[in-house]
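Subject: Structure handover

Hello,

Here is the structure you asked about. Please open it alongside this note.

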Amino acid sequence: MAAALSLLLIGCKGEPAPTGAALWRRQVLYLLITDRFQNGKTSNDGQGRSDCLDPTDPYLYHGGDLEGVRQRLGYLQELGVTTLWTSPLYKQVGPHTFASVECSYHGYFPDFANPNDGAIEPKLGDEADLDLLLGDLAKKDMRLLFDMIVNHAGFDARVTQTNPDWFHPYPACEQGNLETMCLFGLPDFAQEKPEVATYLTDLSARWVRRFPIGGIRLDTTRLVPIDYLSQNWLPAMRQARDPMFVLGEVYDDQSIDTYNTYLSAGFDSVFNFVLQRSFVSSFGQGQSVDAVATSVEKTLSTLGLERALLVVNFLDNHDLTRLMSNGGSDTPDQQAMRYRLGLTALMTLPGTPQLYYGDEVGALGAYPQNRADMPAWAFAAGSRGGSHPGFLPGADATFQHTTRLVSLRRSHPALFEGYYSELWRQNGGSNPNVYAFFRGSGKDRIVVVINNSLAASGRLAIPLQINPVLKPEDKAALGDGARFVELLGSGAPASVSVANGSFVIDLPALAAGVYQLGR
């Protein structure tokens, strides 16, 4: 498998390796909070503020670091991850009162200084540690997505003392004013001031020039003036390193139209929070698959296929309650099965998939448990068996399911660059709660079928020949007698044939199948 994937990444038949959008459509992202993943070097645990370390306190540092991430690259490679997204590495402010007395282990309250010193949080490591991590990532043909902040500084950051006039006065930070809103009361940069814009852009560009990162995830993008981003910050990032993939956190789970604004402004991608909200409804709470089908339809009709293929889809992240901790009524075993349906959708729908550390072993939890330590048992197959508090049953089965999905995702052009056509949705409570769709790229033709019901689907004849979106050449290949072979191996029928112009299947309860034509 490793050799096959390597050939995929360098191009087929001697073709050059993909770049730009073609490269990033093939990625599988993995988000982790550096402090919560692996403690690789205990000698830096006491660096910086000694009163910020307590592995038993969910609001303080636990000891994870860049060296720990480096030590676990083999695990991530086994999982199939291609791009690593770490929480911000900036030096952080000291203790403050937020949800509790906390230290900013998560990385989002930076202790920026003027002049900028490019300091890394000492508890996470230093520049040498980051160089080692980047070197090992390059050897494994993996990339680092660097989490950046230009919206705010941490509470009482050094720059707030030296340049207090660089920030919006707190009374001006009113809820709903997205140009000046002070997130959680944090010092909010006034990017409309030329000297502030120059400082922030130079700060970001220094990291890009110094370290060979693959891309940027920009925090709180929607709270930063879009003119500053499009006219100043984004062009500077492209100039500092080309090519540079830039992903914006545009937190809007209501309107996909918002995403187009930022993509048109120059971002390569944004997160699909609208789709994630539908994942919660359909899989987290066990409701109709129609929510997901509608979100996908809206994404494609609003953004178009090319943009939709780069938009980042996800089940979980560090700011949200874990998918299966959203109030569903299933038993734990049913939850685990339904969660795997969510993973199947994540890896097979149009868009670039992102995992959040622990997703691959079924992590549960609302804040602050959604940011719990990655358990040591998760890293070894022999210790994933049995039950684990805070995780769904069958952690090893979920891990194996995830690795198979990632492998399918990376090896099938239909899944990473193919067009999409909906084949079936529930469309009313009296119908089976089944979602089916087609993905196609050239001769690679895939049908995905997901039964989100606690009952078997019964015999379904899913129309193909009358589908208005399928291309003529695909319809010709999907005539009666065409045979599909199941690739995922998670309980769906091993093969399915086309009869009377329809894909005919009887799917077990809470099962999914990924079918390839004529393998």
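How many salt bridges does a search of the whole structure find? The search finds 27. A salt bridge here is a side-chain nitrogen of Lys or Arg within 4 Å of a carboxyl oxygen of Asp or Glu.

Before the details, some ground rules. This is a predicted model, where local features need pLDDT of at least 70 and side-chain atom pairs count only at pLDDT 80 or more, while totals for chains, interfaces and linings use all residues. Residues are numbered from 1 along each chain as its sequence is written, and side-chain values use heavy atoms, with hydrogens and water left out.

Salt bridges

Take Asp111 and Lys91. Their side chains meet in a salt bridge at 2.9 Å, N to O. This pair links distant parts of the chain, 20 residues apart. Asp111 sits in the loop between β4 (101-102) and α5 (127-139), and Lys91 in the loop between β2 (83-86) and β3 (96-97). Helices (H or I, at least four residues) and strands (E, at least two) are DSSP runs, numbered from the N terminus. Asp111 is buried, at 9% relative accessibility. Lys91 is partly exposed, at 27%. The cut-offs: buried is under 20% relative accessible area, exposed is over 50%, and partly exposed is in between (1.4 Å probe, protein chains only).

Next, Asp131 and Arg210. Their side chains also form a salt bridge, 2.9 Å from N to O. Asp131 is in helix α5 and Arg210 in helix α7 (residues 194-210), 79 residues apart. Asp131 is partly exposed at 30%. Arg210 is partly exposed at 35%.

Glu422 and Arg425 make a salt bridge at 2.8 Å, N to O. Glu422 counts as partly exposed at 24%, whereas Arg425 is buried at 19%.

There is also a network of salt bridges. It links Glu67, Arg70, Asp136 and Lys139.

The open sheet

8 strands form an open, antiparallel sheet. Their order is β11-β12-β13-β18-β15-β16-β17-β14. Two strands pair if DSSP finds at least two bridges between them. β11 (419-424) and β14 (459-463) stand at the edges with a single partner strand each, so one side of each has no neighbour in the sheet. Neighbouring strands are turned by 25 degrees against each other on average, direction ignored.

Inside the sheet, β15 (residues 483-486) and β18 (residues 512-517) run antiparallel and are joined by 3 bridges. Glu486 stands opposite Tyr515 in β18.

Helix α13 (residues 332-348) lies across β12 (434-441), β13 (444-451) and β18. It runs at about 155 degrees to β13. Axes are lines fitted to C-alpha atoms, for helices over the stretch in contact (heavy atoms within 4.5 Å). Angles run from 0 to 180 degrees between N-to-C directions.

Strand β10

Is strand β10 (residues 352-356) enclosed or open? All 5 of its 5 residues are buried, so β10 is largely enclosed by the rest of the structure. Thr352, Gln354 and Tyr356 point one way, Pro353 and Leu355 the other. In a regular strand the side chains alternate between the two faces of the sheet.

β10 pairs in the parallel sense with β1 (residues 29-32), over 3 bridges. Leu29 has Gln354 as its bridge partner. β9 (residues 312-314) also pairs with β10 in the parallel sense, over 3 bridges. There, Val312 stands opposite Thr352.

Best wishes
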